[in-house]
Amino acid sequence: MSANWQDKAAVDLMLDDLETWAVVGLSTDTSRTAHSIAALLQQRGKRIVPIHPDAPVVLGEQGYATLADVPFDLDVVDVFRRSEAAGQFVDEAIEVGAKAIWLQLGVIDEAAFDRARDAGVPMVMDTCPAIEWNRR
């Protein structure tokens, strides 16, 4: 089943073609994985949008408390939250019209994956952009 969670076409779409990445759980804490991956996304030419209840400015980009607060279109919603909390953000991503959803390494919600698929939104989970870029 996990191979389906990391469909190559979905990964390639997100890494190659989609530019604006909302990073759920991104804060100013530089020790967190979300921070280093957001920095990598920027190095790879992506625009990051921090999504955090405190709405901090992170890596030079204004944060927003929720996905619904972002006043422009989002291409990818990248979720750095525990599996139990991830489904809410998958549903919000679908609701705001995100083009794709990425759940980070160790984050798995099969029901949310099915909801995204049923909504026609490509989704990958239990992997990381850094890992996928390194596989190329």
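**Exercise 1. The chain as a whole**

What share of the contacts in the protein chain with a separation of 6 or more comes from residues 24 or more positions apart?

*Solution.* The model is a predicted one, in which local features need pLDDT of at least 70 and side-chain atom pairs count only at pLDDT 80 or more, while totals for chains, interfaces and linings use all residues. Residues are numbered from 1 along each chain as its sequence is written, and side-chain values use heavy atoms, with hydrogens and water left out.

Step 1. Taking contact to mean heavy atoms within 4.5 Å, residues 24 or more positions apart account for 58% of the contacts in the protein chain with a separation of 6 or more.

Step 2. Helices (H or I, at least four residues) and strands (E, at least two) are DSSP runs, numbered from the N terminus. The protein chain has six helices and five strands, and along the sequence they follow the pattern α-α-β-α-β-β-α-β-α-β-α.

Step 3. The radius of gyration, taken over C-alpha atoms, is compared with a globule rule of 2.2 Å times the number of residues to the power 0.38. For the protein chain the radius of gyration is 13 Å, close to the 14 Å that the rule gives for 136 residues, so the chain is as compact as a globular protein of that length.

Step 4. Buried means under 20% relative accessible area, exposed over 50%, and partly exposed in between, with a 1.4 Å probe and protein chains only; of the 136 residues in the protein chain, 48% are buried.

**Exercise 2. The sheet**

*Solution.* Step 1. Two strands pair if DSSP finds at least two bridges between them. Five strands form an open sheet in the order 2-1-3-4-5, with parallel pairing. Strand 2 (47–51) and strand 5 (123–124) stand at the edges, each with a single partner strand, so one side of each is left without a neighbour in the sheet.

Step 1. Strand 1 (residues 20–24) runs parallel to strand 2 and is joined to strand 2 by five bridges; the bridge partner of Ala22 in strand 2 is Val49. Strand 3 and strand 4 also pair in the parallel sense, over four bridges, and here Val76 has Ala100 of strand 4 as its bridge partner.

Step 2. Strand 2 is mostly covered, since four of its five residues are buried. In a regular strand the side chains alternate between the two faces of the sheet. Strand 4 is covered on both faces, with Ala100 and Trp102 buried on one side and Ile101 and Leu103 buried on the other.

**Exercise 3. Helices against the sheet and against each other**

*Solution.* Step 1. In helix 3 (residues 33–43) the buried residues are Ala34, His35, Ile37, Ala38, Leu40 and Leu41, and they pack against strand 1, strand 2, strand 3 and helix 6 (129–134).

Step 1. Axes are lines fitted to C-alpha atoms, for helices over the stretch in contact, and angles run from 0 to 180 degrees between N-to-C directions. Helix 4 (residues 83–96) and helix 5 (residues 110–118) pack at an angle of about 10 degrees, with their axes 9 Å apart. That makes helix 4 roughly parallel to helix 5, the classes being roughly parallel under 35 degrees, roughly antiparallel over 145, roughly perpendicular from 65 to 115, and oblique for the rest.

Step 2. Helix 4 contributes Gly87, Val90, Asp91 and Ile94 to the contact, and helix 5 contributes Ala112, Arg115 and Ala116.
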